[in-house]
Amino acid sequence: MIEVKSVSKSFDGLRAIDNIDMTVNSGSIYGLVGTNGSGKTTILNMLCGVTRQDTGTIMFDGARVYENPAIKQRLWYIPDDLAFYGPYTINELARFFSRMFPHWNAAILDVTLQHFQLDRDKRISRMSKGMRKQAVFALGFATGPDYLILDEPIDGLDPLVRQCIWELIVDASADRGMTTVISSHNLREMEGFCDSICAINHGKVFIERDLDDLKSDTHKLQVSFGSNVGGTADKQGSAARTGIDVYRDLNVLKQWSSGSVDFLIVRNSQQELDRFVATAKPVLFDRIPLTLEEIFIYELDRGNK
Amino acid sequence: MIDIDLKSRKSIYEQVIFGIKEQILSGVIAPDSKLPSVRELSKQLTVNPNTVQKAFRELESQGYIYTVSGVGSFAYAPQDITPDDGLINETRSKLADSLRELRLLIPDRQVFARMVDELVQTVEPKLTSVDRAAAAHANHAKVKGDAR
């Protein structure tokens, strides 16, 4: 388990990370999302002990990560920029890492490289972007990490490579209970694989939840009570004419209309929605599950007001 | 194999639960047969193992599967399961949607009603001769009643 408590970080007087708390459970695939410049990379750098936080603690299974080789040997970090690896071949890097990581498994590297069809004697800098990432993943999985920290690892890679890498992550998670923290802009993809989501804006956490809980809390509704008998569509049909707010019993976060159809974003349980339908008896009622992207945009929108 | 649609608005968790329920109720997963382990299934589908774990827990609490400690999870027989209201409501909704679509294609009310009747007949298990006689008698009484 990774526990981040009251962590802040400033650069040249600019508060990049502002008093954040994060909890990553063991075996979780934890998605870190946020707008550009929100502080994701800074957070990941602090998680790996590459950057030191100004205040607060970052603990891996109760031990501080900063300058702690015992933790760092069980951790593999893939940054967005792979410049460090450039001049070396996969074989040279394998030799280097085999001495640094006690759980180094050459057989795993062999299998993964075969699967990816990479040339072991080619310099990393001479590979395509996709192959470079594959190489770094292959090397990483061979170290048998308990923690995998990824900074936008697969954004910009082709679908086949992405699928391969997700399989590796899921297999390691299922087989060894590996914990993954991954940041990405591709919310649609993250939604398919993460069990927890942490959303950052301006260095602050504005969502940190189990993904399914997050999605079952907020709903998008399409409701109509029918249009005016005379032919012109009312905003809320006959209900509006009586002057009663039909939605008063719902926790409405946002509302807009198109003709006689109302669209609402509500925070209510399924039972509360069932009760609403039974009492108000709308002509049209559709509950549309929100995607992670929509929840993110909506929450961000609300927060910025 | 359960069909997971990553593009669907339905969460992976819901899709896994629904997929397994369907397979158990239809007999694809035979009664008392062992389900793949959480590990195996998550690798087969390339789905987060925590999600599969949650789905298995929910299926157990809803009475679709039972767990033998140290061995694995097993399916109950369809007759020993009470299909939950959630599943019934969901399937009803889908049926209502399809009926609405069909109605738009068949403007004639009586033609539509007849077609729906026929469909219901094809879905019903075959009646025995005793049931058929009882049904015919009941129908005859209704026709006489309507005529008054």
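In this predicted model, 15 residues of chain B are in contact with 24 residues of chain A, where contact means heavy atoms within 4.5 Å. The two chains bury about 1,600 Å² between them, 50% of it on carbon and sulfur atoms; buried area here is the accessible area (1.4 Å probe) that two parts lose on being put together, summed over both. Of the area that chain B buries against chain A, 41% is supplied by R9(B), T46(B) and N48(B), more than by any other three residues.

On the side of chain B that touches chain A, α1 (12–25), α2 (38–45) and α3 (49–61) of chain B each supply at least two residues, and α3(B) gives the most, with four residues. Helices (H or I, at least four residues) and strands (E, at least two) are DSSP runs, numbered from the N terminus. Sorted by class, that side of chain B has five nonpolar, six polar and four charged residues, with Ala, Val, Leu, Ile, Met, Phe, Trp, Tyr, Cys and Pro counted as nonpolar, Asp, Glu, Lys and Arg as charged, and the others, Gly among them, as polar.

Within chain A, an open sheet of four strands has the order β2-β1-β4-β5, with antiparallel pairing, two strands being paired if DSSP finds at least two bridges between them. Its edge strands, β2 (14–24) and β5 (63–64) of chain A, each pair on one side only. Strand β4(A), residues 55–60, pairs with β5(A) over two bridges in the antiparallel sense, and A63(A) in β5(A) is the bridge partner of F60(A). A salt bridge between D54(A) and K9(A), with the closest N and O atoms 3.7 Å apart, links distant parts of the chain, since D54(A) lies in the loop between α1 (40–47) and β4 of chain A and K9(A) lies in strand β1 (residues 2–11) of chain A, 45 residues apart. Over all chains, the structure holds 19 salt bridges.

Further along chain A, strands β12(A) (residues 252–258) and β13(A) (residues 261–267) run antiparallel and are joined by six bridges. They form a hairpin with two residues between them, and G259(A) in the turn has a positive phi of about 65 degrees. S257(A) stands opposite D262(A) in β13(A).

Chain A averages a pLDDT of 88, and 93% of its residues score at least 70, but pLDDT stays under 50 over residues 229–238 of chain A, for which the model has 20 contacts beyond four places in sequence. Chain B averages a pLDDT of 84, with 83% of its residues scoring at least 70; among its elements, helix α6(B) (residues 129–147) has the lowest mean pLDDT (60) and strand β2(B) (residues 72–75) the highest (96). For the complex, the predictor gives an ipTM of 0.79 and a pTM of 0.81.

Residues are numbered from 1 along each chain as its sequence is written, and chains are lettered from A and ligands numbered from 1 in the order in which they are written. Local features need pLDDT of at least 70 and side-chain atom pairs count only at pLDDT 80 or more, whereas totals for chains, interfaces and linings use all residues, and side-chain values use heavy atoms, with hydrogens and water left out.

Conventions:
pLDDT = per-residue confidence, 0-100. Salt bridge = Lys/Arg side-chain N within 4 Å of Asp/Glu carboxyl O.
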